[in-house]
There are 2 protein chains.
Amino acid sequence: MNQDYIKPDQWSIIEEGFDIDSVKSSESLFSIGNGAMGQRANFEEHYSGPTFQGSYIAGVYYPDKTRVGWWKNGYPEYFAKVLNAPNWIGINVSINGEPLDLFTCKNVETFRRELNMKEGWLSRSFKATLQNDIQVYVEVKRFLSLDLDEIGAIQYQIHPINKDAKISFEPYLNSGITNEDTNWDDKFWNTLNVNSDKNQAFIEAHTMKTNFHVCTFMESQCFLNNKSIVIKPETFRSETEIGFKFTTDVKQRETFTIHKFGGYTVDRNHDKNELVAVAKETLSKAKQLGFEGLLSQQILAWSKIWQKADITIDGDIKAQQGIRFNIFQLNQTYSGTDARLNIGPKGFTGEKYGGSTYWDTEAYCIPFYMATKDQKVARNLLEYRYNHLNKAIENAEKLGFKNGAALYPMVTMNGEECHNEWEITFQEIHRNGAIAYAIYNYHRFTDDYSYIPEKGLEVLIGIARFWYQRANFSSFKNKYVILGVTGPNEYENNINNNWYTNYIAQWCITYTIKNIEHIKENYNTDYTRVMHKVQLSNAEIELWDNVANNMYFPYSKEHEIFLQQDSFLDKELIPVSDLDKSNRPINQKWSWDRILRSPYIKQADVLQGFYFFEDNFTDEELARHFDFYEPFTVHESSLSPCVHSIQAAKLDRMDQAYEFYLRTSRLDLDDYNHEVEEGLHITSMAGTWMSIVEGFGGMRIKNNMLSFNPRIPKQWHGYSFKVNFRNQIVKVNVSQNETTFSIEGNQDLQISVNGKILKIVPKNLIKV
Amino acid sequence: MNQDYIKPDQWSIIEEGFDIDSVKSSESLFSIGNGAMGQRANFEEHYSGPTFQGSYIAGVYYPDKTRVGWWKNGYPEYFAKVLNAPNWIGINVSINGEPLDLFTCKNVETFRRELNMKEGWLSRSFKATLQNDIQVYVEVKRFLSLDLDEIGAIQYQIHPINKDAKISFEPYLNSGITNEDTNWDDKFWNTLNVNSDKNQAFIEAHTMKTNFHVCTFMESQCFLNNKSIVIKPETFRSETEIGFKFTTDVKQRETFTIHKFGGYTVDRNHDKNELVAVAKETLSKAKQLGFEGLLSQQILAWSKIWQKADITIDGDIKAQQGIRFNIFQLNQTYSGTDARLNIGPKGFTGEKYGGSTYWDTEAYCIPFYMATKDQKVARNLLEYRYNHLNKAIENAEKLGFKNGAALYPMVTMNGEECHNEWEITFQEIHRNGAIAYAIYNYHRFTDDYSYIPEKGLEVLIGIARFWYQRANFSSFKNKYVILGVTGPNEYENNINNNWYTNYIAQWCITYTIKNIEHIKENYNTDYTRVMHKVQLSNAEIELWDNVANNMYFPYSKEHEIFLQQDSFLDKELIPVSDLDKSNRPINQKWSWDRILRSPYIKQADVLQGFYFFEDNFTDEELARHFDFYEPFTVHESSLSPCVHSIQAAKLDRMDQAYEFYLRTSRLDLDDYNHEVEEGLHITSMAGTWMSIVEGFGGMRIKNNMLSFNPRIPKQWHGYSFKVNFRNQIVKVNVSQNETTFSIEGNQDLQISVNGKILKIVPKNLIKV
């Protein structure tokens with residue numbers, strides 16, 4: 001059974017009633033972020049029950065020791081640990097001297113938590129009866145500003161219900177934090193200064209080893225019945241903590257309120273000696289706006305995001321809530337304004353999967369950001385990899401490649417590999433293909449070719465060189481083979497001729513050669529510059545071409561399918577449906593060797609290739625491969641259901657498509673994998689978006705034109721989405737009877753719908 | 001270049017001249033042991049230069065945390081760490097207050113170290129000039145008693161050469177030791193008591209976690225010019241150390257001597273509360289004999305070992321030294337008297353390869369111990385596995401096997417798996433085959449069938465059940481396949497249908513069924529008992545039989561060879577000889593993925609199967625497989641050259657056989673792998689013995705008869721060895737012209753030589 005305590009709502013995630021067993025799950029689900037920082041929905045006041053404290057700063061990580069059984073040559077020296085950052089949200093509360101702690105209260109009633117996705121804030125309210133029998137009503141609202149992305153704001157309101165009371169707010173900063181995932185007593189933060197200045201406080205600290213300097217800051221203001229009051233606070237301070245205690249007498253039904261602004265200034269953006277000064281400026285801007293002013297800005301900023309990115313679903317409130325949750329979290333994680341950042345699989349919601357960048361970015365996230373934001377955002381994501389090209393070349397050199405061959409890391413923070421399992425780090429090399437594919441995908445969608453001659457071509461050449469060197473000629477097969485890889489299905493390791501890998505390798509080489517030729521003819525200056533820089537000869541290109549043209553692809557004549565890898569048919573081909581449920585999920589129930597020799601597929605593998613390169617295969621071929629592989633697929637990766645949903649929709653199997661859609665869109669809300677406590681699955685949320693837009697909407701770029709093939713699950717009355725296509729926003733509205741298209745702005749747009757070309761004219765609704 | 005500083009000698013390992021760069025290498029090479037304990041040849045007096053301190057107690061280990069990148073289900077909770085034990089050999093020396101320290105002396109002359117293998121002692125002598133210009137001559141002799149295996153003895157003699165001097169001996173015990181391989185500041189020993197009683201001292205300590213209790217003890221006695229003198233010592237003591245300081249004035253040319261007895265009593269053999277009392281008894285026995293008396297016993301004990309185990313080589317002193325070094329170290333490591341102990345790959349000479357028991361024991365060591373010791377020793381080694389059968393069944397259950405299927409651990413101290421790489425732990429399952437093969441081998445050699453009905457049958461059934469469950473039917477191949485294994489060649493992981501594994505799996509099942517039938521007919525009580533205990537039905541046996549009869553073996557028609565695994569021919573088949581030397585050894589120069597997809601073989605794999613089951617293949621087949629595989633073999637396992645030497649000899653390729661022999665026999669003395677500092681390769685030393693006896697001597701058991709096919713390398717005048725065959729000691733002497741056979745005792749023995757049957761009669765030399 002999946003969890004089911006989140007209230008269905010169009011625009012909000014809502015929890016009602018206080019359940020200590022849901023606290024960690026809700027801390028994940030109600031997480032907030034603004035691209036620069038983010039935090040789990042931990043309570044402001046002290047909570048002595050089970051909790052997973054987490055506050056994270058984009059780009060701030062720790063290089064933890066790589067601990068392995070036996071060291072293998074080529075392993076990275078470290079893996080990146082997503083680092084819990086100093087806590088600035090804390091506001092301890094005491095009432096007549098007794099701390100407010102929901103875990104120890106006599107009673108908690110009318111507990112309600114809301115994550116308002118439309119406006120970008122988190123709230124919490126409850127009535128609590130303390131051990132001293134005082135009953136109080138509490139309302140808290142918190143958000144991280146999108147506009148001033150170094151700051152967040154909290155409004156904490158309390159009123160005593162049954163008695164007058166002496167109430168204290170103790171806002172504090174604390175840099176004495178640790179990670180949940182450390183067992184080794186490593187210290188991650190070194191606190192340099194703990195200072196206060198009137199109602200402001202600052203902790204300057206830097207991370208060990210990586211030496212990121214961060215100033216954590218706060219300022220608070222108190223109100224009684226919404227009127228500002230001045231209370232002289234007691235100050236308390238330790239080596240890693242500073243706080244102020246504001247105490248006042250509050251009469252029954254009066255409301256005591258604190259506004260706390262806080263956040264981080266980071267030396268990625270400022271001189272490390274200026275962090276306190278910048279913090280003061282930021283606080284001053286925030287104070288000038290006040291809590292309400294900053295909140296108004298926040299609502300406006302989110303309305304602009306939704307204006308481009310919203311998807312509506314009519315007649316299925318859980319599906320509606322699910323898709324908005326996905327879009328909301330993606331926007332909280334990555335705003336696209338900083339090319340040094342990327343999209344971590346857990347965003348700012350947990351510690352798992354150290355490192356921010358996986359192939360998820362290129363394979364799953366870029367389409368979402370391309371279609372819902374300015375195209376500069378997607379270009380930033382491409383440039384991230386361009387900026388890491390030299391490190392990818394070094395990484396390949398460590399593994400014995402040469403002549404500028406590039407192998408991008410499986411997991412990275414700064415371009416260096418930071419994952420340490422040979423079967424992944426050294427063998428899951430198909431990631432290189434996704435990085436090339438993203439360049440193609442970006443050009444296809446935006447029509448911005450300029451990126452390729454300027455930057456992308458060098459990346460493509462490095463990748464093509466890698467594939468050329470990585471393949472070897474098999475005299476036995478009289479073809480080029482690629483041995484010893486892990487494909488997208490991580491439930492097979494060190495396999496030979498993974499079809500997906502061989503296919504994308506061949507495609508990378510062919511695509512690179514095509515671009516070299518095109519740039520030679522049309523961008524001669526760039527051509528000369530790049531060819532000189534990378535020292536590429538025609539003779540070398542011919543060698544690549546030979547490998548691409550003679551690539552081996554495992555194929556079963558009996559089944560008329562491409563084989564996922566050479567030995568797939570030797571496995572005991574028992575479909576998942578015949579497995580006793582007690583075996584599932586196999587990654588928790590089975591030993592690794594048993595998983596490896598089973599036919600069970602963690603996520604789309606051959607079908608991932610059919611998704612990327614669908615024009616190269618007929619629907620009949622797709623159906624045959626879907627029917628062969630899906631029955632062995634356990635979907636134990638969050639990235640699996642979305643691709644299957646898209647493929648099922650393409651095959652007009654709408655029931656199946658809908659089932660996969662639900663699984664991807666409410667993966668975290670309903671906690672399908674029983675692990676939401678650890679954080680959310682951010683990157684797969686982009687897959688959910690694809691399931692609707694590409695799956696149900698059938699959106700493609702065909703013949704350089706936006707194209708649709710709309711379908712609708714029978715459970716829905718209708719759905720709509722928007723796409724920013726080459727700076728024109730197209731709105732698509734699909735119902736059971738018809739599909740309408742409209743366009744913002746003043747320009748016409750030709751699109752293709754179900755194979756017919758139509759023109760959308762501004763201010764006109766086109767019905768199909 | 002290999003190292004070349006050990007002086008050639010018939011019976012001793014000799015080093016002349018003091019070289020700080022050789023200290024760690026010599027500490028390994030001059031290691032001493034007595035089966036119950038052992039130690040690196042560390043200096044008794046303080047040495048401030050680079051050194052690797054190591055003293056080890058059989059069966060005393062530490063369960064270190066398993067640290068892996070990402071945890072896999074089924075991994076063991078810990079891996080065993082060979083534990084550096086408290087130091088009892090220390091005798092600090094000071095001369096006129098200046099510590100004697102060879103690293104800081106002004107000058108060290110006539111330094112000589114000797115490991116006398118004939119008599120089982122280690123000596124060291126040198127002339128040192130201290131910073132205070134006093135010149136002294138030092139002679140030290142040390143041994144670990146074979147007879148009293150809890151004790152060792154040191155005689156440390158010093159005389160001032162150029163001046164009278166005040167000399168102090170400070171014998172001490174120290175339990176504040178650590179391991180070289182710990183980076184985690186783990187504490188391994190907890191010291192309980194540090195006590196002295198007159199000239200005796202005791203440190204009681206126990207290991208953390210495993211809670212092995214050990215008393216480390218010592219007693220010393222001083223002599224001036226060989227006359228016992230009484231000196232009242234100063235006692236010094238800390239939480240983990242205790243020592244006595246004996247000081248006296250020594251005239252020029254006088255000799256000041258200390259005899260120190262020391263060692264360990266361990267709760268494996270005694271009640272933990274009696275350890276001090278037992279230590280006192282042991283000291284009392286040793287003192288009664290005195291240093292010289294104990295040494296005489298030692299010489300006698302070693303002469304008895306050599307009486308059975310010696311191999312002579314005439315005309316090649318380095319080869320002679322090499323083989324004796326191997327025999328000596330094997331005897332130092334394992335005496336065979338305690339069925340709870342086994343043969344660690346590094347013996348008592350280093351920390352690497354935690355755990356004492358690998359498949360090395362069954363595949364390489366048992367033949368040596370069978371032929372050079374009482375057959376009870378080999379039976380003890382078999383019983384070790386019988387005693388661990390339940391844990392092997394549990395181990396298999398962890399991996400999803402059932403119904404009593406047994407998977408023996410890859411590495412163990414107590415029957416539990418303690419290695420944590422999935423490709424080894426879960427996949428190098430052929431180890432199960434070697435354990436069954438050893439039962440067969442023991443019966444074949446000793447003719448003692450009783451072990452099988454009594455104990456071995458249960459082991460065989462557990463192993464057969466494992467293989468039956470581990471194979472799966474491939475509809476594609478219409479055969480049973482074994483997927484996802486690592487064969488003896490660890491340079492391929494997660495391969496399918498490793499020929500060696502499939503072959504030994506088939507053999508195990510067939511051999512088990514044969515034994516079941518034999519025992520049913522001939523040992524009905526045992527049959528009933530065992531069948532009841534393991535709940536084995538005829539129906540189940542038929543299922544096994546079906547798998548064995550339909551096992552798939554990869555074969556190349558083109559090359560007419562069995563393929564090491566399904567995909568071997570897809571590799572780029574460049575022979576090792578075409579590799580640039582800068583690539584070697586590949587395990588230090590290449591990344592793991594590159595090794596895995598290369599054709600390079602770490603150690604005999606298909607050829608290991610041909611070695612075990614040679615009667616099933618013709619010499620022509622052997623030659624074809626040798627010629628195919630050896631050119632791809634890098635012999636980067638110490639276990640590789642011996643099998644190749646035996647096969648080359650069988651094929652009459654004596655130059656090659658000799659080359660491989662040299663490599664195995666002087667692997668450590670000449671430091672082929674540039675790692676002797678870390679310790680010796682003990683288990684492969686048994687392979688060296690096999691190279692002579694089975695390789696050159698061509699010894700086999702054929703038709704239940706001892707059989708020889710003697711050959712001799714052209715570099716040798718002659719060689720001889722002895723074999724304890726079914727309690728009769730046969731001596732074989734091979735020269736360039738003839739081979740002679742003789743027998744000890746009073747009974748005749750029929751043997752087969754070059755296919756002809758001969759009778760050896762006592763007191764007669766038979767020439768062939």
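Which helix of chain A holds both A:Arg597 and A:Asp593, and how many residues apart are they?

1. A:Arg597 and A:Asp593 both lie in helix H14 (residues 592–597) of chain A, four residues apart, about one turn of the helix. Helices (H or I, at least four residues) and strands (E, at least two) are DSSP runs, numbered from the N terminus. This is a predicted model, in which local features need pLDDT of at least 70, side-chain atom pairs count only at pLDDT 80 or more, and totals for chains, interfaces and linings use all residues. Residues are numbered from 1 along each chain as its sequence is written, chains are lettered from A and ligands numbered from 1 in the order in which they are written, and side-chain values use heavy atoms, with hydrogens and water left out.

2. A:Arg597 forms a salt bridge with A:Asp593, with the closest N and O atoms 2.7 Å apart. A salt bridge is a side-chain nitrogen of Lys or Arg within 4 Å of a carboxyl oxygen of Asp or Glu. A:Arg597 is buried at 13% relative accessibility, and A:Asp593 is buried at 1%. Buried means under 20% relative accessible area, exposed over 50%, and partly exposed in between (1.4 Å probe, protein chains only).

3. A:Glu114 pairs with A:Arg112 in a salt bridge of 2.9 Å between the closest N and O atoms. A:Glu114 is buried, at 12% relative accessible area, whereas A:Arg112 is partly exposed, at 28%.

4. In chain B, the side chains of B:Asp670 and B:Arg666 form a salt bridge (3.0 Å, N to O), and both residues are buried.
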